[in-house]
Amino acid sequence: MNIEEKIKRINELYHKSQEEGLTEEEQAEQAALRAEYIANIRANLRGQLDNISIKEQDGSIRNLGEMRAKRMEKYTTE
């Protein structure tokens, strides 16, 4: 199932939940699809941020991807 099909299914399940309610299996499917969709959005955003550099006032250039990696390293070592 590609991303467009997954989004369509998420929307179908949402509308069904509003109209008549979902079975337990459909609720589990909806939760899994939503979690996968959110993870995909986060990964895409991280990929975009990794390609952005900021020129500081002192002329130095900072890469957002490197900044994020340093922060993640800090949290994983504590």
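Ile7 is placed in helix H1, where helices are DSSP runs of H or I of at least four residues, numbered from the N terminus. In this predicted model, local features need pLDDT of at least 70 and side-chain atom pairs count only at pLDDT 80 or more, whereas totals for chains, interfaces and linings use all residues. Residues are numbered from 1 along each chain as its sequence is written, and side-chain values use heavy atoms, with hydrogens and water left out. Ile7 is partly exposed, at a relative accessible area of 31%, the term covering values between buried (under 20%) and exposed (over 50%), with a 1.4 Å probe and protein chains only.

Together with Ile3, Tyr37, Ile38 and Ile41, Ile7 makes a nonpolar surface patch of about 370 Å²; patches of this kind are made of residues with over 30% relative accessible area and no salt bridge, nonpolar side chains (Val, Leu, Ile, Met, Phe, Trp, Tyr) being joined within 5 Å. A salt bridge is here a side-chain nitrogen of Lys or Arg within 4 Å of a carboxyl oxygen of Asp or Glu. H1 and helix H2 (24–50) are the elements that give two or more residues to the patch, and H2 gives the most, with three residues.

Lys6 also lies in helix H1, which spans residues 3–19, but Lys6 is buried, with a relative accessible area of 16%. When residues up to four places away in sequence are not counted, Lys6 touches Met1, Leu33 and Glu36, contact meaning heavy atoms within 4.5 Å.

Lys74, in helix H3 (residues 64–77), is partly exposed, with a relative accessible area of 47%.

How values were computed:
Patch = residues over 30% accessible without salt bridge, like charges linked within 9 Å, V, L, I, M, F, W, Y side chains within 5 Å. Areas by Shrake-Rupley, 256 points an atom, 1.4 Å probe, with all protein chains shown as cover.
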